[in-house]
Amino acid sequence: DKKLRHGGNESNGGSGKGIIGGAIAKVRNAINIDGKTFKFDSNFPYTMISEDHEVVHFEDVRKGFDIEMLFNPITGGWEIRRLHENSYQIPFEKSAKIIISTNFSLKGTGSSFLRRQHIIELSNFFNEKYSPLDHFGHLLFDDWCTEEWNRFYSFAIHCCSLHMEKGLVEFP
């Protein structure tokens, strides 16, 4: 169903987008940005981002989020402006990678748009009626014992190993 595969018009949260961003933040220095309130036209849109960040997660962005506004940070680097400070550039080599989570399709067309993204679609295994707490019997990350953390880190290392071996794998 193309409507479901490409975001459609309905906001059907609870699939695990935030969990994936949270998992990445457990192994990389990440910052979450509230995608519903973020404004590109702010005088200081990236003030919270620093060279220490390895991942910037625009979490749960609104319908019509314009990825084109992130073209420079994606391929060139971040321009950081802060109140009462000179602006500075974080070069591409030191730039954080970007995650955008959303229930909708991103705004944009053409090769510039397509080559700057890798779409990962989630199934509706988790939803408003069946959560990770229901499935695992405990909250993810918050009440894990050492054994659970070891399972998580082993899984993360396995994912990195697969990525090193196969690169980014396209969704069929």
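This is a predicted model: local features need pLDDT of at least 70, side-chain atom pairs count only at pLDDT 80 or more; totals for chains, interfaces and linings use all residues.

Student: How many helices and strands does the protein chain have, and what pattern do they follow along the sequence?

Tutor: The secondary structure comes to 6 helices and 5 strands, and reading along the sequence gives the pattern α-α-β-β-α-β-β-β-α-α-α. The radius of gyration of the protein chain is 17 Å, close to the 16 Å that the globule rule gives for 172 residues, so the chain is as compact as a globular protein of that length. Taken along the principal axes, the C-alpha atoms fill a box of roughly 50 × 40 × 35 Å.

Student: What share of the contacts with a separation of 6 or more comes from residues 24 or more positions apart?

Tutor: Such residues account for 70% of those contacts in the protein chain, while 28% of the 172 residues count as buried.

Student: Turning to the outside, which residues form a nonpolar patch on the surface?

Tutor: The accessible surface of the protein chain comes to about 11,800 Å², and 54% of this belongs to carbon and sulfur atoms. On that surface, Ile20, Ile120 and Leu122 form a nonpolar patch, with about 280 Å² of accessible area together.

Student: Where does Leu122 lie, and is Leu122 buried, partly exposed or exposed?

Tutor: Leu122 lies in the loop between α4 (111-115) and α5 (132-136). Its relative accessible area is 36%, so Leu122 counts as partly exposed, the range between under 20% for buried and over 50% for exposed.

Conventions
Residues are numbered from 1 along each chain as its sequence is written. Side-chain values use heavy atoms; hydrogens and water are left out. Patches are made of residues with over 30% relative accessible area and no salt bridge: like charges are joined within 9 Å, nonpolar side chains (Val, Leu, Ile, Met, Phe, Trp, Tyr) within 5 Å. Accessible areas come from the Shrake-Rupley method with a 1.4 Å probe; for residues, only the protein chains shown count as cover. A salt bridge is a side-chain nitrogen of Lys or Arg within 4 Å of a carboxyl oxygen of Asp or Glu. Helices (H or I, at least four residues) and strands (E, at least two) are DSSP runs, numbered from the N terminus. Buried means under 20% relative accessible area, exposed over 50%, partly exposed in between (1.4 Å probe, protein chains only). The radius of gyration is taken over C-alpha atoms; the globule rule is 2.2 Å times the number of residues to the power 0.38. Contact means heavy atoms within 4.5 Å.
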